[in-house]
Amino acid sequence: MIDLNDIMIFAAAARLLGMPKTTVSRRIAALERELGVRLLQRTTRSLNLTASGRLYYEESSQALRTIEGANLRLAEARAEPAGTIRISAPVGFGGHFLQDAIFEFLSTYPKTSVELRLTDDRLNLVESGIDLAFRTGVLEDSTLIARKLGSTHRLLCASPDYLARCSTPDVPEDLARHDCVIAGQSAQAQWLLEGPHGQETIAVSGRFAANEMQAVMAAAIAGYGTAQLPHGVADACIKDGRLRRVLDGYTTPTGGLHVVYPSSRHLPPLVKAFIELAVRRLNAITGNSDDYVIVSR
């Protein structure tokens with residue numbers, strides 16, 4: 001029977017194993033006898049691969065890489081996740097679903113810790129040292145590995161005080177005559193809404209804009225206009241009476257919810273474990289994570 005160690009020695013000989021030359025030569029000679037072919041052409045000054053040796057080297061190297069990969073994946077699967085995982089997420093998302101997922105993760109894996117950075121800005125993951133991030137909408141950075149977890153949308157909301165002072169919009173076109181709280185850098189925006197008649201684009205403006213969702217929500221509650229708010233955040237504010245839904249038949253178009261991580265970085269066991277936990281939680285809530293509607297930026 002061919003000794004796998006002999007194959008490994010042959011495949012790695014060019015990388016200088018640190019073994020005595022006589023040992024390497026003896027093991028390769030034993031492999032040649034088992035195979036019945038000459039792998040190396042030997043002279044007093046050099047060693048060169050024969051045609052059979054080159055073919056065998058290419059095939060065996062590929063097979064050994066497959067075995068090494070399998071060994072690594074098995075070791076990772078058996079290893080208990082440990083260490084610190086750094087996560088980035090939009091503000092509204094972090095306070096809703098993600099918080100419970102993190103607490104379950106910490107309870108399940110006592111050797112781990114989590115550093116959560118909530119921001120509505122899209123960070124450069126490598127420069128910021130982020131292991132994984134939750135993103136909504138269209139993914140623009142093609143250098144990231146992405147896994148879709150579900151779907152997202154936002155609701156239109158305003159405070160009871162604002163609606164009492166300025167009336168309630170009846171159709172999307174009415175928003176052009178109302179103050180709107182803008183999630184962005186400018187106090188003017190184009191809102192794309194989806195309703196009974198398909199998608200409509202409405203030009204809106206207001207007295208307040210912010211690129212951070214908590215500030216947008218606070219401004220809407222304070223009565224500064226109608227805002228687009230994450231589904232989960234909006235529901236909570238509507239239930240406690242701080243906000244009322246505007247234009248019930250309209251939402252923003254449904255977008256994707258993804259978890260992303262740098263493609264250049266090997267995925268550590270604890271990052272993989274957190275992603276799988278997040279997927280399981282979504283499936284437990286809905287039975288199908290791709291149908292889950294969760295808060296969005």
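Trainee: Great. What kind of model is this, and which cut-offs apply?
Mentor: It's a predicted model: local features need pLDDT of at least 70, side-chain atom pairs count only at pLDDT 80 or more, and totals for chains, interfaces and linings use all residues. Residues are numbered from 1 along each chain as its sequence is written, and side-chain values use heavy atoms, with hydrogens and water left out.

Trainee: What's the mean pLDDT?
Mentor: The mean is 79, and 77% of the residues reach 70 or more; pLDDT is the predictor's confidence in each residue, from 0 to 100. Over residues 286-297 the pLDDT is below 50, and this stretch has 47 contacts in the model beyond near neighbours in sequence. A contact means heavy atoms within 4.5 Å.

Trainee: How many helices and strands does the protein have?
Mentor: Nine helices and 14 strands. They are DSSP runs numbered from the N terminus: helices are H or I with at least four residues, strands are E with at least two.

Trainee: And how much of the protein is buried?
Mentor: Buried residues make up 40% of the 297. Buried means under 20% relative accessible area, exposed over 50%, and partly exposed in between, with a 1.4 Å probe and protein chains only.

Trainee: Which residues touch the most other members of the largest nonpolar core?
Mentor: Ile85, Phe105, Leu132, Phe134 and Phe274, out of 22 residues in that core. A nonpolar core is a set of buried Ala, Val, Leu, Ile, Met, Phe, Trp, Tyr and Cys residues joined through side-chain atoms within 4.5 Å.

Trainee: Which elements supply it?
Mentor: Strand 3 (83-89), helix 4 (91-108), strand 5 (132-136), strand 13 (255-262) and helix 9 (269-286) each supply at least two residues. The largest share, seven residues, comes from helix 9. There is also a second, separate core of 15 residues, which includes Met217, Ala219, Ala220 and Ala234.

Trainee: Now the rings. How many aromatic pairs are there?
Mentor: The count is three. Rings of Phe, Tyr and Trp (its six-membered ring) pair if their centres lie within 6.5 Å; planes under 30 degrees apart count as stacked, over 60 as edge-to-face and the rest as tilted.

Trainee: Why is the pair of Phe134 and Phe274 edge-to-face?
Mentor: Their ring centres are 6.5 Å apart and their planes are at 70°, so the pair falls in that class. Phe134 sits in strand 5 and Phe274 in helix 9, 140 residues apart. Phe134 is buried at 3% relative accessible area, and Phe274 is buried at 0%.

Trainee: What does Thr112 touch?
Mentor: Not counting residues up to four places away in sequence, Thr112 touches Pro81, Ala82, Gly83, Phe105 and Leu106. Thr112 lies in strand 4 (residues 112-118) and counts as buried at 10% relative accessibility.

Trainee: Last one: where is Ser167, and what is its phi?
Mentor: Ser167 lies in the loop between helix 6 (160-166) and strand 8 (179-183). Its phi is positive, about 75°, although Ser167 is not a glycine. Most residues other than glycine have a negative phi. Leu247 also has a positive phi, of about 55°.
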